[in-house]
Amino acid sequence: MKDTKHTLNHITNNHWRTQFHIQPPTGLLNDPNGLIYHDGVYHVFYQWHPDGPTHGLKSWNHVTSTDLVHWTQDKRILQPDSIYDSHGAYSGSALIVDDTLELFYTGNTRTLDDVRIPYQLNARLDSNGIVDKKVVIDHIPKGYTDHFRDPKVFTTPQGYAMILGAQRQDMTGTALLYTSTDLKTWHFAKELTTWLQSFGYMWECPDYFELDQKGILLFCPQGAMNVPQLNTNIYPNAYIVGEYDTTHFDMSHHTNPQLLDYGFDFYAAQTFIDQTGQRVLLAWMGAAEGGYPSDKYGWAHVLTLPRVLTLIDNHLYQQPHPNLIALRTDSVPIDSPLCSYELTVDSIQGDLDIDLYHFRDECINLRYDASTQTLTLDRSALKNTYATERGETRTLRLDEPLKNLHVFRDTSTLEIFINQGRYTLSLRFFPQHIEGHVKIKTLNDSALKTLYPLEDVNHDL
Ligand code: FRU
């Protein structure tokens, strides 16, 4: 058998390739799919168009890891090779049933007249590949349009449930629930009950799970929460927390929708349970429409780092997965030039002004105004721009003073965890010179700061 790298014809020739993020060997990556831990192995699939940095015919590329840090390309890729997924194997999820790994996803098809017909499919991963592909839902329920996709399957006291993103015929977004006792026959149950009746025009990529006896819905309500004049992303990724009734799929008492992340590049988050029982999130570090600077090298996008979720006072906290400590090498002086790093800043008091990347006249700046508790992320000093029509800054009003920062930089990514993960900001950036340094301009003397260079472990990605 040919070497995977050779078969996949890796892109190796540019400095924006990341050192420890899941990235496509070529072409475009988008949503994380089928995330699961089984038999000592983490499986991550993702939406993939191998042939170029555009949203073309999607398959599910597949990478595995035993520690969520070191990833290996797997040959078992879900291909759009049937009449039920002829125009793309779209997003979905995984479930372990009787020691087998079951995949659920949307088969995107188009008629000769270009009418979209979505099917919901089930397939199984075995040692040779993806087998037993079959349609489990072959029609759109009455009252909804052809925007009906992205099944997330989970267990309930009664059996199994599947939550799907959907659009009502009145062009508002919602999530639909199906139930099954055998994973083969699925019955349409109802819409998820929430008080969000007219909230965007389509909900993509729903995920439902429970933490601390609360129900949590992650979803991407397209057309909601994006106010162009306020410098927001075109498509939001939000969550609500509520009292959940698994028999009636009733989440009517829930919080206001909140953004999961306040940076420039974050969408389609999905979660899974890790080896130690923690709920872990991965998202697509992308979303903006149009080209990214790496397009000219034939590839686009990465996934976020794995983040552990916890719930405190109905607020989701995201923390870098503890396994990422394996990437650290000995700490170095704070202004050392690096291509990737982990930075911690604790005991912050008052204003802050810091370049998380700085080289000559290019920088990524983060500043905090203590008088208004406002944090501003500013990428305007970079030469390689994209999605500029939505603004070059993101501003976030904290509901408590800034206390600490935890930052991961990997060549062309930054993930910023604020106040123990109460808020996060994620972004790609494409500097001309990859090595840069952290430049602290304003910070209280009593703050504690540590900078760790990180290892390059992406030998197989
Ligand atoms: C979200 C999405 C999903 C769809 C997939 C196709 O980014 O549009 O709704 O299944 O991407 O790649």
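1. Ground rules. It's a predicted model, so local features need pLDDT of at least 70, side-chain atom pairs count only at pLDDT 80 or more, and totals for chains, interfaces and linings use all residues. Residues are numbered from 1 along each chain as its sequence is written, and side-chain values use heavy atoms, with hydrogens and water left out.

2. The ligand sits in the largest pocket. A pocket here is an open set of points on a 1 Å grid over the protein atoms alone, where a 1.4 Å probe fits and with protein on both sides within 12 Å along at least five of seven lines. To sit in one, a molecule needs more than half of its atoms within 2 Å of the pocket's grid points. The elements giving two or more residues to the shell around the ligand are β1 (27-38), β5 (89-97), β9 (144-156) and β13 (202-211). Strands, by the way, are DSSP runs (E, at least two residues), numbered from the N terminus.

3. With a heavy atom within 4 Å as the criterion, the residues around it are N30, D31, Q47, K58, Y90, S91, R149, D150, E204, C205, Y267 and W284.

4. Polar side-chain atoms lie 2.7 Å from a ligand oxygen for R149, 2.8 Å for D31 and 3.1 Å for N30. Taken alone, the ligand exposes 320 Å², and the protein buries 89% of that (Shrake-Rupley areas, 1.4 Å probe).

5. Strands count as paired if DSSP finds at least two bridges between them. β23 (residues 352-359) runs antiparallel to β24 over seven bridges, with L352 partnered by Y368. On the other pairing, five bridges join β24 to β25 (residues 374-378), also antiparallel, and R367 has T376 as its bridge partner. Six of the eight residues in β24 (362-369) are buried, where buried means under 20% relative accessible area, exposed over 50%, and partly exposed in between (1.4 Å probe, protein chains only).

6. Turns to look at. The β23-β24 hairpin has two residues between its strands, and R360 takes a positive phi near 50°. The β24-β25 hairpin has four residues between its strands, with Q373 in the turn at a positive phi of about 55°.

7. The five-stranded sheet. An open sheet with mixed pairing runs in the order β4-β3-β2-β1-β19. Its edge strands, each pairing on one side only, are β4 (72-73) and β19 (299-300). β3 (residues 59-65) pairs antiparallel with β4 over two bridges, and V63 stands opposite Q73.

8. Two histidines. Is H254 buried or exposed? H254 is buried, at 10% relative accessible area, in the loop between β15 (238-242) and β16 (258-259). A polar side-chain atom of H254 lies 3.3 Å from the backbone nitrogen of W195. H87, in the loop between β4 and β5, counts as partly exposed because its relative accessibility is 35%. The C-alpha atoms of H87 and L57 are separated by 6.0 Å, although the two residues are 30 apart along the chain.

Terms used
Polar contact = N/O pair within 3.5 Å; in protein donor to acceptor, adjacent residues only side chain to side chain. 1 Å grid on protein atoms, 1.4 Å probe; cavity = no way out; pocket = protein on both sides within 12 Å on 5 of 7 lines; lining within 4 Å.
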